[in-house]
Amino acid sequence: MRALTAITGFKDVLPSESPLWRLVEEKARDVVRRFDFAELRPPVMERLELFQRGIGQTTDIVEKEMYAVKGRGEDENFALRPEATAGMVRALLEHHLHEGGRPAKIFCLGPMFRCERPQKGRLRQFNQLDVEVFNDPGPLADAEVVALLHTFLHELGIPGLSVSLNSLGCAECRPSYRGSLVAYLEARSSSLCEDCRRRLQRNPLRVLDCKNESCREAAAGAPVLSEYLCGACRDHFGLVLDSLASLGVPHRRDERLVRGLDYYTRTAFEVHSDMLGAQSAMAGGGRYDGLCRELGGPDIPAVGFAVGLERLIMLLQQMSPPPSPGPDYYLAALAPEALGPAFLLAQRLRSLGLGVAADWESGSLKSRLRRADKARAARVVMLGADELAGGVGLVRDLAAGVQKKIPLDRPDLFALEAARETGAPEETGAPVSG
Ligand code: HAM
């Protein structure tokens, strides 16, 4: 019978890769804590309508990329979340997290699902760190989330980063821009792809983001939004840029930047890396002051971003991968009667918080040392007939090659030994050679 494989675009994170994942997730948690964000864990499945209303009916995500799930009931239409923001807003409103007069600052970490054509850096299940601030209309909130994102990527050592920002205007000023853009594009509609011709009336800003060569050429001379911004939007954006400059966050203004989701107002931004190739966007976000109302809540200003963890990990893997630490001890039973004591010792050491590897079979010293090496253990505990008779384990520091005996009924001494750096010289007493 043919062995089953994972679904295309859905990937296993292998044991060899998970240390890097842990590193990235721990850094994410560390940085959001420093910026005073609390974790919210929304479910991965929501009502389909939430995404249709939230992200926009004419976006690629809603039109082509959603994993819709039919519930048991007649009108139960659900979807795996393609992004976190709509669910975060739904949860905020449902649990009244925005009440209390303070900004609500929440993040979530977890998998998103988009049925896109898989390629390098583009998966159908991928993970995001999603960060959102509600109830803060000011430009400093925009600058703060960009600074958080920059801190996160910078502290992970991601090279070749560029932060691009644009202002997409608001309900006041965008309609007049939209009118001019539609007039401009209509005059060139024969050069537009089928998707863009369809988008022209419903979502003309998306035409500016089309990757099709003839659409790009047609849009090259299109009016730019910055010339249509109202005074309030212009001031807001100016302050965002000034604040980033004062923090020393490198950034540039990109008047052509539009986003693939419809909810943005005013600031929109993306972070790209020149080391990522075609899928170079590592993170994206912006302000979305109208979304809470769109989803049935009051007017609550909001700003946030999401960063794709797979793309980050891909970059970190291209750089020098950090050595992943192995267990503190490998327990080597050198005789069958040592298996029982080794099993007991493993449990005692693990309860003290130590990492212990073992194969529950006995074998020659040479074969056990090979296994210890494979497990990347820092030290081996050898348990042969002589050690059992003396009630001790013979501990070898694999980096230094030195050995010492430790009584089997003193797990605390094993813990003390494990706390020493491997290969470090003894502080007191000479090592006992075995
Ligand atoms: P987004 O630009 O659609 O924004 O996604 C953010 C990031 O998720 C991308 O820059 C990319 O790194 C990663 N990503 C997206 N699709 C894929 C994929 N198929 N495979 C791998 N990685 C992917 C949002 O999702 C918004 N919710 C961001 C936001 C939060 N705006 C305001 N708050």
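1. Strands here are DSSP runs (E, at least two residues), helices are H or I runs of at least four, and both are numbered from the N terminus. β6 (125-134), β10 (281-287) and β11 (302-308) each contribute at least two residues to this shell.

2. A word on the basis: this is a predicted model, with local features needing pLDDT of at least 70 and side-chain atom pairs counted only at pLDDT 80 or more, while totals for chains, interfaces and linings use all residues. Residues are numbered from 1 along each chain as its sequence is written, and side-chain values use heavy atoms, leaving out hydrogens and water.

3. In total, 26 residues surround the ligand, and the closest are E83, E116, R259, Y264 and M282. The shell divides into eleven nonpolar, seven polar and eight charged residues. For these classes, Ala, Val, Leu, Ile, Met, Phe, Trp, Tyr, Cys and Pro are nonpolar, Asp, Glu, Lys and Arg are charged, and the others, including Gly, are polar.

4. Which side chains have an N or O atom by a nitrogen atom of the ligand? E83 does, at 2.5 Å, and E132 does, at 2.8 Å. For Y263, a polar side-chain atom is 2.9 Å from a ligand nitrogen atom. Taken alone, the ligand exposes 660 Å², of which the protein buries 96%; areas come from the Shrake-Rupley method with a 1.4 Å probe.

5. Do look at the second largest pocket too, with its volume of about 450 Å³. A pocket is an open set of points on a 1 Å grid over the protein atoms alone, with protein on both sides within 12 Å along at least five of seven lines; lining residues have an atom within 4 Å of a point. Of its 20 lining residues, R174, N203, L205, D262 and Y264 lie nearest the centre. Two or more residues come from each of α6 (174-186) and β9 (265-273), with α6 giving the most, three.

6. There are three cavities of 30 Å³ or more, a cavity being a set of grid points where a 1.4 Å probe fits but cannot get out.

7. Finally, the chain is divided into domain 1 (18-173 + 229-318) and domain 2 (329-419), with 48 Å between their C-alpha centres. These bounds come from an automatic or database domain assignment.

How values were computed: A residue is near a molecule or strand if one of its heavy atoms lies within 4 Å of it. A polar contact is a pair of N or O atoms within 3.5 Å; within protein, one must be able to donate a hydrogen and the other to accept it, and residues adjacent in sequence count only if both atoms are side-chain atoms. Grid points are joined across faces, edges and corners, and a volume is the space filled by probe spheres set on the points.
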